[in-house]
Each structure stands twice: as C-alpha cells, then as structure tokens.
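Here are a few friendly notes to read alongside the model. Keep the 3D view open and find each side chain as you go.

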Amino acid sequence: MPKSKLFKEVQEKLSRQVHPAHDQYPPATRKAVDPFCKTYLDFLNRAKTERLAVAEIERTAQKAGFKALGPKTRGAKVYQTYRGKAAAIAYLGSQPLENGINLVVSHIDSPRLDLKPNPLYEDLGLALLKTHYYGGIRKHQWVARPLALYGVVVRHDGQTVKVALGDQSDEPCLTITDLLPHLSANAQNGKKFSEAIPGEKLNVVVAGRPLGDPADGKNRIKYHVLQLLQQKYGMKEEDFISAELEIVPAGPAREVGLDRSLIGAYGQDDRICAYTALRAITDLATTPKRTAVALFLDKEEIGSYGNTGADARFLLDFVGDLLARLGLGDERSIRRVLAGSQVLSADVNAAIDPEWPEVHDKLNAAQLGGGICLTKYTGSRGKSGGSDANAEFVGKIRRLLNEAKVPWQIGELGKTDEGGGGTVALFFAGYGADVLDAGPALLSMHSPFELAHKDDVYSAYLTYKTFYGKA
C-alpha cells in the first residue's frame, strides 16, 4: 500500500533523516577523501608522541607561510610553540581581534606507557624497563605486541638527546610478555578483567645477552644495556631520571577493510582532530572575518593539568602576544577576547560498536561513517565533570554545517549510567566562550589500534575549515 500524502510530508519535512556521509558527499568531494587521508596516515606515522606532533605542526605551519610569533613579527599568519609540547596557530581576521576568535582546540597526547625514573633491571636472563601507564589504557592490549620507544633524554652533561627506536624495519622493537594460556588458570583467568595484568607487570623486554665474562658477576645483561645506551645516546643510568621516554605501539597506520574505507592506527584520539584542524587553518585561501586560531595541547589524557595542558596560561599568553601587536595586551583585554570567542573542542567520541551496542543509547550514539560527531555535553553520569553547550551555539553550528552541506551527526559517550568522560571544553567555557565538542567517532578508542572512518576524517576537516571561514 502506498504511503499517504500526509505521511510523506511529515516524513520528508519534519523528521530527521540520517544518511552516511558518503551518500551526502558530491562526487568531487568523494574523490578528495582518499588523497587527504593519505596525508593523515603520514602524519600519524610521524607524530606518535606530543613532541613529534608539535614538530609536524610547526613544519606544516611554516610550509603554509606562517611565521613564528615575536615582538617584530609582521603579517596575518603566525604560530607559537611552547616547551615542545603545545602549539598555537593564528590567522588574523579582517574584524578586530577584540571581537573574539574562532578557536579549534585539540590535544596531541595519547594513552601510552612511560618509563619510570629508575626503570632498568635484570631478572631471570632478561633486561627489562619498568613503566607507568599514562592515561586510560586497557592493560591487556599492551602485552605480546611490538612496541617502540620515543622521547628525549637530558644527559648528565646537560645535552638533550632524542630517542627513536622500534618503528623502522631495520630496527629492533621492544615488547611486554604475557602469560601462556596453559598456566593462566589461577594467575589470570579467575580475576577481574582489569586486574588480570597488574600495572607493575607492564615491564618492557630490552635485552637478553650478557656483557663480559661469567667471572664478572651479576647484572651482566643490565650492564650490556647500559653499554649500548652509552654507545648510541651517550647515556649513563642516572640519565633516566631526567628523561621523558614513552612506549608506544610499533608499526605504521594502516588502511583497513577491503574497500580501504577505514583507518587503523595508534593515537587517533586525538591526533585525528589535531591534523584536520591543522589542515583546516593552513588551507584557508582567504582572510577569515574573525581571527582563526588552532590550539594543540598536551596532558588531556591525565586531566589537562600541567604547564602544557588546557589548565595552563598558554592560550592567554598567546592571545596577549597577538593583542600586544595592537598596543593592547592587558589582562582585561585578553579576557574580553576570550569571552567573545567561539570554540570547537575538537575531540573524538565513541562510535557505537556492532559487537557491543548495549553500552550505547542507539538514538544518541554516533556511527562510523556518519560524519563529524557534535557532542552537546560530556561528563560522567549526571554530566558530572563535563561541559554542556548552550542551545544557541549548538543551533548556530548546526545551521552552519547544514548550509555548507557538511555531514554531521549527534552523539554522547555511552548510556547515562554506563560511564562517560570529559574533554578540554570545560576549561574554555570557563573563559565565558561558547563551546561545543566536535570530532569524529572512533571504535576501539584508547587501544593501540583505534579505528576511524575516512569519510569522518574529511568531515572533520570540512567542519573546522567552514567554522574558521564562515562562523
């Protein structure tokens, strides 16, 4: 039986129709998705830590004509880095800066394992490194897999040495052992999932051959490691104390699926937003009306505290430096700029998993391939510890994306009583700015191999670029 005219009118004009981003893209845009995502894959491979991400951000900004911000810097395109772990890029608009900025803020740190200050020891024929996990990891996902080591060491002589080991095909990788199933019945199988592998057992295997002769005594494998570190990096054992060394998954980002529609990689939370925001601001062809700023921060995975996190003064100082070029820069002027600003907190959300749909409210969950996910509120259970965007700003962004024909969807982080999480949004709402979370949805979030959809990557890029150019 055909549908009635009234039913069709209500369905077409009043109900919300949800379509995959692929179906909403015109043919020319579909052709642009894969080439764009190829450059994103390259970024993921080069930016596995926050320090490496800042280096890539700076390189990209310079290539696009942005200059390091200083007292004598001229021009509308400037950038600034801070302590090698945070960065800001600004494209000064045609409207007065005092009117506020259009800010897209993402974070460039990801869950990982950090070496402890005294990590190196020998036990039962192996040398190992002790770790302390950073951020919300699932510990079982980090064992029995190839791992790489990145970071910096400030040596006893004051020199800083960069460390990168385990990702190149001609390099050895590292790993953490796991218990074989034949012996796990009592040690692991009867325990809670979160307790089966204690954090103190996430120790990294680094060597297995001794130094010298049997007569030299104990710790010969440990001393062999110290010899190798001295030869390669000029290190002594005490130099571990003034080092920042991170264990991350080894191996490149990959296309996933027979149709190559997905991207699997470590660190997509939140470098998927960092890269798309970076490209959005550096690809702007004309001067925006409102000053556009891309902000890249550290420490989000552990609460955003510290001098390179959202709780620090980096943004205030950056805006102050911009205002100083106009003869302003006092604290009241800075506060006025931020209070008049519009902010997209560019962070990922959790896509509904076909294997675990029960932890989501299907009507309010994002799907892979549905376009960028707008998240009105974050927090845990009763929105505790989160941010809640006002209706006016959500409406403005919704209209903006609809007019630009950018695919988007709405989402929240799981069922009300299931858990939840937060982003940096609340820190910027504290300045008085309008803030909305907006980022792609991921599967396997916080794992060593997170899964994203290429169409969502491109939707994020279009969202941030549209926000910079038209909001």
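**Notes on side-chain contacts**

1. Let's begin with charges: Asp388 and Lys376 form a salt bridge, with their closest N and O atoms 2.7 Å apart. (A salt bridge here is a side-chain nitrogen of Lys or Arg within 4 Å of a carboxyl oxygen of Asp or Glu.) The pair links distant parts of the chain, 12 residues apart: Asp388 is in the loop between strand 17 (379-380) and helix 10 (391-404), and Lys376 in the loop between strand 16 (372-375) and strand 17. (Helices, H or I of at least four residues, and strands, E of at least two, are DSSP runs numbered from the N terminus.) Asp388 is partly exposed at 39% relative accessibility, and Lys376 is partly exposed at 29%. (Buried means under 20% relative accessible area, exposed over 50%, and partly exposed in between, with a 1.4 Å probe and protein chains only.)

2. A word on the source: this is a predicted model, where local features need pLDDT of at least 70 and side-chain atom pairs count only at pLDDT 80 or more, while totals for chains, interfaces and linings use all residues. Residues are numbered from 1 along each chain as its sequence is written, and side-chain values use heavy atoms, leaving out hydrogens and water.

3. How many salt bridges does the structure hold? There are 22. One of them joins Glu255 to Lys454, with 2.6 Å between the closest N and O atoms. Glu255 sits in strand 11 (residues 254-256) and Lys454 in helix 12 (residues 454-470), so this pair links parts of the chain 199 residues apart. Lys454 is buried, at 2%, whereas Glu255 is partly exposed, at 32%.

4. Now for the rings: a search of the whole structure finds 14 aromatic pairs. (Rings of Phe, Tyr and Trp, using its six-membered ring, pair if their centres lie within 6.5 Å; planes under 30 degrees apart count as stacked, over 60 as edge-to-face and the rest as tilted.) Among them, Tyr305 and Phe427 are edge-to-face, 6.2 Å centre to centre with 80° between the planes. Tyr305 is exposed at 51%, but Phe427 is buried at 15%. Elsewhere, ring pairs link Tyr25, Phe36, Tyr40, Phe43, Tyr275, Tyr458 and Tyr461 into a cluster.

5. Finally, look for a charge over a ring: Lys383 lies over the face of Tyr377, 4.2 Å from the ring centre. (This needs NZ of Lys or CZ of Arg within 6 Å of the ring centre and within 35 degrees of the ring normal.)
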